[in-house]
Amino acid sequence: MFNKLYDNCFKTELGTVVTKVKEENGMFWHAFKETIFFKESGGMQSDIGMIDNHYVEALKYEDGELWHLLDTRLEGNVFMSVNLHERFRKCQVHTAQHLISAVLGNVYKVKTHAHHVGDEENDIEFDLKDFNDKMAFELEVLCNGLIRDDLDVTVTYPSYNEALKFVAKEALIPHMDDDIRVVKIGALDYNLCGCMHVPSLRYLQMLFIVGYEKTSKGYKIRYTVGDQMLDSVKKRYKVLDEASNSLAVSHIYVNTGVNRLINEVKQLNRDVVVWKHKYYKMLAKELAAKEEDVIVEFFDDIDQKSLANLAQYITKEDKKAVVFIAKIYDNMQVVVASHPEVDFDVEKVFEKIADEYHLKGGGNKELKQGGGLYKENVLEYVKQMKF
């Protein structure tokens, strides 16, 4: 038998009596003579609320009873209170799903495959062969028109034969005469459903089609409605407001401000490349001025590419060889390079360092480089090498 207290979504307070209690891991499952708490089913989420000022931790059906999990044992008369805002929001979402499915079912003769509820938006999957922006706009206009028309949403308990006039026989099996529950939206929709709903479409306030996407079964349509839509708009408006203030532009020009910022960052990156090039050219001249034929240097403020460029700046202009070591976080990069006219075996020197410190890399007879885990003694090791 259906709980007819679910027929009124605004019924959120109830005095009732404890009938059974079961302890489980220090918590207590309670069954009551009557309950207004709805347990998740049919695509609608569970109610949240209190019983005698104790939060209802969970709900479950077992042995024909709806059990309520509390942190204490209750006895006798109790008072139930369901969070009205959360229930109303969930009822809006579920009734909106019925509305969208009914409209698409009547217009395009399609079936609903699945319905998923989210915090900020929901989706319904249909066996649509095609769906586009024009159809999404028309769906939104039709739904909001019916919301303005304020069609009644009614719950009835028809007999098997009465329901058979509107519902396929297969859908009614294994229902019996006393457990058929139907939710109707005006003359638009007649649907078997055990969930809770708003009493008429005006309570949906407004519906927005967020988007759609192709799936293996058809199309998934994303929507938000009523209080959920308002909450979502508030969150997005706050983010938009913060971005607007940061960019010093009005809301409608945020995208322009973002593009301007992106272009400025690109230009700054180009400038950084130019200045890095100039800096390492200058550093190369300073290092090349040293008396040694083989320049050994350690760096902890250079990236891998710049290290190789610095080596090339020196060995292409000056008859020098270099062994550069750079610490990059917990790793190191080693570059060995030489001017073609210098008697210096780049490959042999690199391979010796690579074997000692397990470096991986490659190159040619004029420049080889590789990397591996940084070791504290690598600089001393290189300085003791005989080139």
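This is a predicted model: local features need pLDDT of at least 70, side-chain atom pairs count only at pLDDT 80 or more; totals for chains, interfaces and linings use all residues.
The residues that line the largest pocket divide into eleven nonpolar, twelve polar and three charged.

The largest pocket holds about 710 Å³ of space. Its lining has 26 residues, and those closest to the centre are Thr112, Asp189, Tyr190, Asn191 and Leu192. Where does the lining of the largest pocket come from? Helix H1 (84–108), strand E8 (112–116) and strand E12 (189–192) each supply at least two residues. H1 gives the most, with seven residues.

Now let us move to the second largest pocket, with about 420 Å³ of space. Here 19 residues form the lining, and Met1, Asn3, Tyr6, Tyr61 and Leu66 are the closest to the centre. Strand E6, which covers residues 65–70, provides the largest share of this lining, three residues. By type, the lining of the second largest pocket divides into eight nonpolar, six polar and five charged residues.

E6 also leads us to the next feature, a sheet. Strands of a sheet pair through backbone hydrogen bonds, either parallel or antiparallel. In this model, an open sheet of seven strands has the order E4-E3-E7-E1-E2-E6-E5, and its pairing is antiparallel. Which strands are at the edges? They are strand E4 (54–55) and E5, each of which pairs on one side only. Inside that order you can follow E1 (residues 13–24) and E2 (residues 27–32), which run antiparallel and are joined by six bridges. If you look for Glu24, you will find that Glu24 stands opposite Met27 in E2.

Finally, let us visit two loops. Most residues other than glycine have a negative phi, and most peptide bonds are trans. Asp63 has a positive phi of about 55 degrees, although it is not a glycine. You can find Asp63 in the loop between strand E5 (58–62) and E6. Is Asp63 buried or exposed? Asp63 counts as exposed because its relative accessibility is 67%, and exposed means over 50%.

Gln205 is not a glycine either, and has a positive phi of about 70 degrees. Gln205 has its place in the loop between E12 and strand E13 (207–214). With a relative accessibility of 43%, Gln205 counts as partly exposed.

Notes:
Residues are numbered from 1 along each chain as its sequence is written. Side-chain values use heavy atoms; hydrogens and water are left out. On a 1 Å grid over the protein atoms alone, a cavity is a set of points where a 1.4 Å probe fits but cannot get out, and a pocket is an open set with protein on both sides within 12 Å along at least five of seven lines; lining residues have an atom within 4 Å of a point. Grid points are joined across faces, edges and corners, and a volume is the space filled by probe spheres set on the points. Helices (H or I, at least four residues) and strands (E, at least two) are DSSP runs, numbered from the N terminus. Ala, Val, Leu, Ile, Met, Phe, Trp, Tyr, Cys and Pro count as nonpolar, Asp, Glu, Lys and Arg as charged, and the others, Gly among them, as polar. Buried means under 20% relative accessible area, exposed over 50%, partly exposed in between (1.4 Å probe, protein chains only). Two strands pair if DSSP finds at least two bridges between them.
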